[in-house]
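This briefing describes the sheet, the helices packed on it and the nonpolar core of one protein model. Please consult the sequence and the coordinates alongside the text.

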Amino acid sequence: MSGPSVRLGEAIDHTCPEAEVGMTDPSYWLFLPLQVQVTQAGSCGSDWSSELFTLTYGALVTQLCKDYENDEDVNKQLDRMGYNIGVRLIEDFLARSNVGRCHDFRETADVIAKVAFKMYLGITPSITNWSPAGDEFSLILENNPLVDFVELPDNHSALIYSNLLCGVLRGALEMVQMAVEAKFVQDTLKGDGVTEIRMRFIRRIEDNLPAGEE
């Protein structure tokens, strides 16, 4: 494989019809809720097992690495796709979570870590490293479900494998009038002890009209 190698091993020994159609087509992911619902191995209903989701995402990144010449272009594409997912996902999140309007960036951080990540990825990142001004913080992911079974080849050292997550955060928050920057500053795939996403508040968007897709 020319892209990131996903060690299949015996992680999944079953096939779901959903896994056979369009999984390596990037446009498929624009309409796929970023959601992991852990089910028993062998389940082929509408719920996905976490393993199937991880392997599907690996297939997507691998295809992007074949389609684009360098890692920087793949990173941009993952961010763009994540943004478009976030724009769609926010409506589902608000409907399911019953979360009210956040009054400041600290409340937003709590909702992201304790509600959103838990709801869609089954993990609860730690919130740390607040800036003195309260406009920047870090999400520390002790475990990142997207990178299970994954090893980055040496020729993809600049690849930000999970950059889709940064795009999702950016797109979702933009739909609730918050412009933010989200970027990976540590990654266990690159030998770091944890995965860290750094988030920075840029400005509040006064325009009530949807920002639209990139």
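Which residues have the most contacts inside the largest nonpolar core? In this predicted model, they are Tyr57, Ile112, Phe117, Leu139, Tyr161, Ile197 and Met199, within a core of 46 residues. Several of these names return below in the account of the sheet.

- At least two core residues are supplied by each of helix 2 (50-67), helix 3 (71-97), helix 4 (105-121), strand 3, helix 5 (164-174), strand 5 and strand 6.
- Helix 4 provides the largest share of the core, with eight residues.

- An open sheet is built from four strands in the order 2-3-6-5, with antiparallel pairing.
- Strand 2 (126-128) and strand 5 are the edge strands, each pairing on one side only.
- On average, neighbouring strands of the sheet are turned by 25° against each other, direction ignored.
- Strand 3 (residues 136-141) pairs with strand 6 (residues 195-204) in the antiparallel sense, over six bridges.
- Across this pairing, Leu139 has Ile197 of strand 6 as its bridge partner, and Phe137 stands opposite Met199 in strand 6.
- Strand 6 also runs antiparallel to strand 5 (residues 178-186), to which it is joined by eight bridges.
- Glu181 has Arg200, in strand 6, as its bridge partner.

**Helices against the sheet**

- Helix 4 lies across strand 2, strand 3, strand 5 and strand 6, and runs at about 15° to strand 3.
- Helix 5 packs on the sheet and touches strand 3, strand 5 and strand 6.
- The direction of helix 5 makes about 165° with that of strand 5.
- Helix 5 is mostly covered, as eleven of its eleven residues are buried.
- The buried residues of helix 5 include Arg170 and Glu174, as well as Leu164, Leu165, Val168, Leu169 and Leu173.

**Surroundings of Ile197**

- Ile197 is among the residues with the most contacts inside the core, and it is the bridge partner of Leu139.
- Leaving aside neighbours within four places in sequence, Ile197 is in contact with residues including Phe117, Phe137, Ser138, Leu139 and Leu141.
- Further contacts of Ile197 are Leu165, Cys166, Leu169, Ala182, Lys183 and Phe184.
- Among these contacts of Ile197, Leu165, Cys166 and Leu169 are buried residues of helix 5.

Notes: Residues are numbered from 1 along each chain as its sequence is written. This is a predicted model: local features need pLDDT of at least 70, side-chain atom pairs count only at pLDDT 80 or more; totals for chains, interfaces and linings use all residues. Side-chain values use heavy atoms; hydrogens and water are left out. Two strands pair if DSSP finds at least two bridges between them. A nonpolar core is a set of buried Ala, Val, Leu, Ile, Met, Phe, Trp, Tyr and Cys residues joined through side-chain atoms within 4.5 Å. Buried means under 20% relative accessible area, exposed over 50%, partly exposed in between (1.4 Å probe, protein chains only). Contact means heavy atoms within 4.5 Å. Axes are lines fitted to C-alpha atoms, for helices over the stretch in contact, and angles run from 0 to 180 degrees between N-to-C directions.
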